[in-house]
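Please read it alongside the structure shown here.

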Amino acid sequence: SIKCAKANRLFYFAIPPSVYADVAAAIRKTGVATDGWTRMIIEKPFGHDLESAEVLSKKLASLFTEDYIFRIDHYLGKEMVQNMLVLRFGNVFFEPLWNNKYIDCVYISFKEPFGTEGRGGYFDSSGIIRDVMQNHLLQALSIFAMEPPTSIEDGASVRNEKVKLLNSIQPIKLEDVVVGQYVSSKDGKKPGYKDDETLKNKDSITPTFCSMILKICNGRWDGVPFIMRAGKALNQRKAEIRVQFRKVPGAMTMFNSYLPRNELVIRLQPNESVFMRTNVKAPGLMTHPTQNELDLTYKNRYGDVDNPGAYSRLLLEVMRGNQGPFVRKDELRRAWEIFTPLLNELEEKKVKPVPYEYGGRGPKEADELAIKAGYDENTLNLRLKAGPRDNRKGGQYTAQEFDVYVEKSSK
């Protein structure tokens, strides 16, 4: 037989949360390595609300210290989420702009082009806020908005700054929230949420869409609305962070026309990319400003370079013992402190979600909320008129974008 000098043990909890504590107790009793490390990867959901998350954390803490526990959120392993640390802190021209003096609002969105697809029974107990916003999107927000860590290689330093940022988020007001639930598509080919055969409660008011305004009260972000939006059964698959900058002072006088806002867009998925929407002179004899992109799309720039998936990257970090891209206990607690009061209010007041068609953009009330919060309406209208960016081939204008350019230039 082969004798190993050291035996490490890694346990992956791809099991119902109701048995996390029992399995951890069994590992504590018989599964801990005597010579080597023992680590446990715990999948979400980490509780259903603040109270249940605290109960679970206390049970695990009675068995293991934090250095054994790796709470995995695969968004923290995404290429573009990890790239935010380098993009922001590794470029001298971004940090002076990364504040309320230059940024008007930050738009964090998650869109799926499919519904529950036979998972209605499971989804109805969670909803879009618990499923996506309290974890994935909040993690992306905290990486985007946190203060500089001592070192990006120091996991404790990164997580400390994330917790500081989360502690600055103010209570979410119901007036700053729009919830929706999809109904069948206009042509009737795609079913509504309540048509899902696995959904037992046909009177369900569980949101499949939510848009909300988060406010961060600190010196860097005070006054900048963070618009967080997520939904199922929408018109495309997309997750991105869109940073809208303040308007150019005196632009109307200088150019005698409206200038769309500059935007920095970090596309998390699919087609990972970073692009800056900038105003430039349109080709031709006349000096007409138009908007185009400074574009770093990964597949165009790096071609077939192997880019590991989020889970592959995170599994490697577990084996390295790096807890930086994992959720710490105090981080988890604060995330639930932010969202549990809103969830309770929605449930206690039985807030009915706004219906929206399968395959659309979601409720129009969500766009109205974004405009009310500060997202520039004219820029939004130009984006909607131009159509989805993913329709573009080789960096060229889509037909819709060119029509917008011609229409604007002819005025």
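The text below takes up the cavities, then the cysteines, one arginine and some backbone features.

The model is predicted, so local features need pLDDT of at least 70 and side-chain atom pairs count only at pLDDT 80 or more, while totals for chains, interfaces and linings use all residues. Residues are numbered from 1 along each chain as its sequence is written, and side-chain values use heavy atoms, with hydrogens and water left out.

**Cavities.** On a 1 Å grid over the protein atoms alone, a cavity is a set of points where a 1.4 Å probe fits but cannot get out, and lining residues have an atom within 4 Å of a point. Grid points are joined across faces, edges and corners, and volume is the space filled by probe spheres set on the points. The whole structure holds three cavities of 30 Å³ or more. The largest cavity has about 130 Å³ of space. Its lining includes Tyr-107, Arg-229, Glu-240 and Arg-383. Strand E4 (103–111), strand E8 (238–245) and helix H12 (377–386) each give two or more residues to this lining; helices (H or I, at least four residues) and strands (E, at least two) are DSSP runs, numbered from the N terminus. By class, the lining has three nonpolar, one polar and seven charged residues, where Ala, Val, Leu, Ile, Met, Phe, Trp, Tyr, Cys and Pro count as nonpolar, Asp, Glu, Lys and Arg as charged, and the others, Gly among them, as polar.

**Cysteines.** A disulfide is a pair of cysteine sulfur atoms within 2.5 Å, and the count is zero. The sulfur closest to that of Cys-210 is in Cys-105, 17 Å away and too far for a bond. For Cys-217 the closest is also in Cys-105, at 18 Å, again too far.

**Accessibility.** Buried means under 20% relative accessible area, exposed over 50%, and partly exposed in between (1.4 Å probe, protein chains only).

| Residue | Relative accessible area | Class |
|---|---|---|
| Cys-210 | 0% | buried |
| Cys-217 | 44% | partly exposed |
| Arg-313 | 14% | buried |
| Ala-233 | 0% | buried |
| Asn-271 | 28% | partly exposed |

**Arg-313.** This residue lies in helix H9 (residues 310–320).

**Backbone.** A cis peptide bond joins Lys-44 and Pro-45, with omega about 10°. Another joins Gln-269 and Pro-270, with omega about -25°.

Notes. 1 Å grid on protein atoms, 1.4 Å probe; cavity = no way out; pocket = protein on both sides within 12 Å on 5 of 7 lines; lining within 4 Å.
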